[in-house]
Every structure is written in structure tokens, then in C-alpha cells.
Amino acid sequence: MVYKFRVILDAEEDIFRDIAILAEDTLEDLHNAIFNSFGFDGMEVASFYTCDDTWNQEDEIPMFDAGDVPGEQTIMSDYKLSDLLDKENTKIIYVYDFINMWTFLVELAAVEEQLAGALYPETLFSHGEMPDEAIEKNFEADMHDDIYGEFEDDLDEDDLDMFEGDDSFEDFGYEENWN
């Protein structure tokens with residue numbers, strides 16, 4: 001089977017590429033097809049991220065295993081496209097170059113039969129010119145209404161006065177106990 005993706009640059013202008021690739025190819029193959037179709041040199045690190053239907057980022061799938069235990073982390077070359085994406089799960093996020101943060105929304109648009117004699121991956125359609133710089137991203141955490149979030153302890157300066165003048169605590173001294 002052939003997967004046809006629309007890969008959209010997260011930018012103000014409409015910039016996208018339609019790419020056809022075999023369902024049995026890996027995420028690494030899709031990574032190569034994306035950076036080639038957008039004119040990158042492929043020398044930067046990239047990752048895919050699973051996401052929900054509204055493009056909320058979930059799990060990272062990196063190019064290289066950077067985990068504490070070698071071989072424990074799954075990487076792009078470990079996943080066939082058909083392992084992650086199908087007619088129900090159609091969206092994935094791709095980030096290229098973690099300094100510039102080129103971010104792409106990748107959506108599976110069609111699943112079709114392989115054409116005899118066709119070479120894959122293939123850029124089927126190209127729309128828009130790449131800007132010189134990626135758009136600036138704002139990374140914000142979901143916080144509660146205050147800056148302390150879930151760690152608010154509801155204590156103020158008056159509450160801390162309860163420890164003043166209390167001589168029942170033994171002074172263990174610093175020097176002789178912390179060497």
C-alpha cells in the first residue's frame with residue numbers, strides 16, 4: 001500500500017508538500033522524504049511526535065537513541081509507517097532542527113494501491129516557498145491561575161512565625177555533622 005501525506009509547514013503562509021511513500025517504509029524514510037521535499041540539507045536532528053486529533057503533541061520518536069540505557073528508546077527506524085498511522089490515526093507532528101524549530105503537521109490523506117513502476121517516496125505536489133527563518137514558537141505550560149500551580153501550600157509569612165522562639169529544637173551544628 002501507498003500512504004499519501006500532506007506535510008504542512010506551521011507558518012503564516014500556506015506552504016505544504018504532498019508525499020507518497022510505501023506503508024512499509026519507516027518514519028526515518030518519511031523524515032528523509034520531508035527534508036528533501038522542503039529543501040533542507042538533512043544535517044540537523046529531527047523528531048516525530050504522536051498527537052491527538054487536535055494536534056496536541058504526545059510521545060516523541062527521535063532519530064537517535066539518547067536514553068540512559070542503549071537500545072531502550074525506540075527511534076524513527078524502528079517504526080514502519082503502518083505501525084503508527086492508518087485511516088483512524090492520521091496525524092503526526094514533525095520537528096526539524098531543534099535550534100530553528102521547523103515544525104510540520106503531517107497528515108495521512110489517502111491509502112492507495114501501489115502503482116506499477118512508480119518509485120517511492122515521491123513528492124507529488126509542492127505549494128509555497130520556504131521562508132528564510134522558522135516562525136518563533138511560544139512554549140507555555142498549562143498553569144493554574146497563579147504562578148505556583150499545584151505546589152501552592154497556602155502558607156504566608158505569619159504562618160512561618162510559629163517556629164520563632166521555640167527552643168525545643170536541638171541545634172546539631174553544621175561543621176561537625178556535615179563533613
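**Notebook: a sheet, its rings and its salt bridges**

I started with the sheet: seven strands form an open sheet in the order β4-β3-β5-β6-β1-β2-β7, and the pairing is antiparallel. I then asked which strands stand at the edges. They are β4 (57-62) and β7 (122-127); each has a single partner strand, so one side of each is left without a neighbour in the sheet. I also looked up the twist, which averages 25 degrees from one strand to the next. A reminder to myself: this is a predicted model.

**Entry: β1 and β2**

Strand β1 covers residues 2-9 and strand β2 covers residues 16-22; they run antiparallel and seven bridges join them. To find my place in the pair, I checked Val2, and opposite Val2 stands Leu22 in β2. I jotted down a general point here: strands of a sheet pair through backbone hydrogen bonds, and they may be parallel or antiparallel.

**Entry: aromatic rings**

Next I went through the rings. I found nine aromatic pairs in the structure. How are the rings of Tyr3 and Phe5 placed, edge-to-face or stacked? Their centres are 6.0 Å apart and their planes are at 75 degrees, so I put the pair down as edge-to-face; the cut-off for that label is over 60 degrees. I checked burial for both residues too. Tyr3 is buried, at 6% relative accessible area, and Phe5 is buried as well, at 1%.

Then I followed the ring pairs into a cluster. Phe35, Phe38, Phe40, Phe48, Tyr94, Tyr96, Trp102 and Phe104 are linked by them. Phe38 came up again when I looked for charges over rings: the charged end of Arg17 sits over the Phe38 ring, 4.5 Å from its centre.

**Entry: salt bridges**

How many salt bridges does the structure hold? I noted three, and I took them one by one.

I began with Glu112 and Lys4, whose closest N and O atoms are 2.6 Å apart. Glu112 is in strand β6 (residues 102-112) and Lys4 is in strand β1, so this pair ties together parts that are 108 residues apart in sequence.

Another salt bridge joins Arg6 to Asp18, and here the closest N and O atoms are 2.6 Å apart. Arg6 sits in strand β1 and Asp18 in strand β2, twelve residues apart, so I have this as a link between distant parts of the chain. Is Asp18 buried or exposed? Asp18 is buried, with a relative accessible area of 16%, which falls under the 20% cut-off. Arg6 is partly exposed, at 32% relative accessibility.

The remaining entry is Lys80 with Glu24, where the side chains meet in a salt bridge at 3.2 Å, N to O. I looked up where these residues lie: Lys80 is in the loop between β4 and α2 (81-84), Glu24 is in the loop between β2 and α1 (27-37), and they are 56 residues apart. Lys80 is partly exposed, with a relative accessible area of 38%, and Glu24 is partly exposed at 47% relative accessibility.

Notes
Residues are numbered from 1 along each chain as its sequence is written. This is a predicted model: local features need pLDDT of at least 70, side-chain atom pairs count only at pLDDT 80 or more; totals for chains, interfaces and linings use all residues. Side-chain values use heavy atoms; hydrogens and water are left out. Two strands pair if DSSP finds at least two bridges between them. Helices (H or I, at least four residues) and strands (E, at least two) are DSSP runs, numbered from the N terminus. Axes are lines fitted to C-alpha atoms, for helices over the stretch in contact, and angles run from 0 to 180 degrees between N-to-C directions. Rings of Phe, Tyr and Trp (its six-membered ring) pair if their centres lie within 6.5 Å; planes under 30 degrees apart count as stacked, over 60 as edge-to-face and the rest as tilted. Buried means under 20% relative accessible area, exposed over 50%, partly exposed in between (1.4 Å probe, protein chains only). A charge sits over a ring if NZ of Lys or CZ of Arg is within 6 Å of the ring centre and within 35 degrees of the ring normal. A salt bridge is a side-chain nitrogen of Lys or Arg within 4 Å of a carboxyl oxygen of Asp or Glu.
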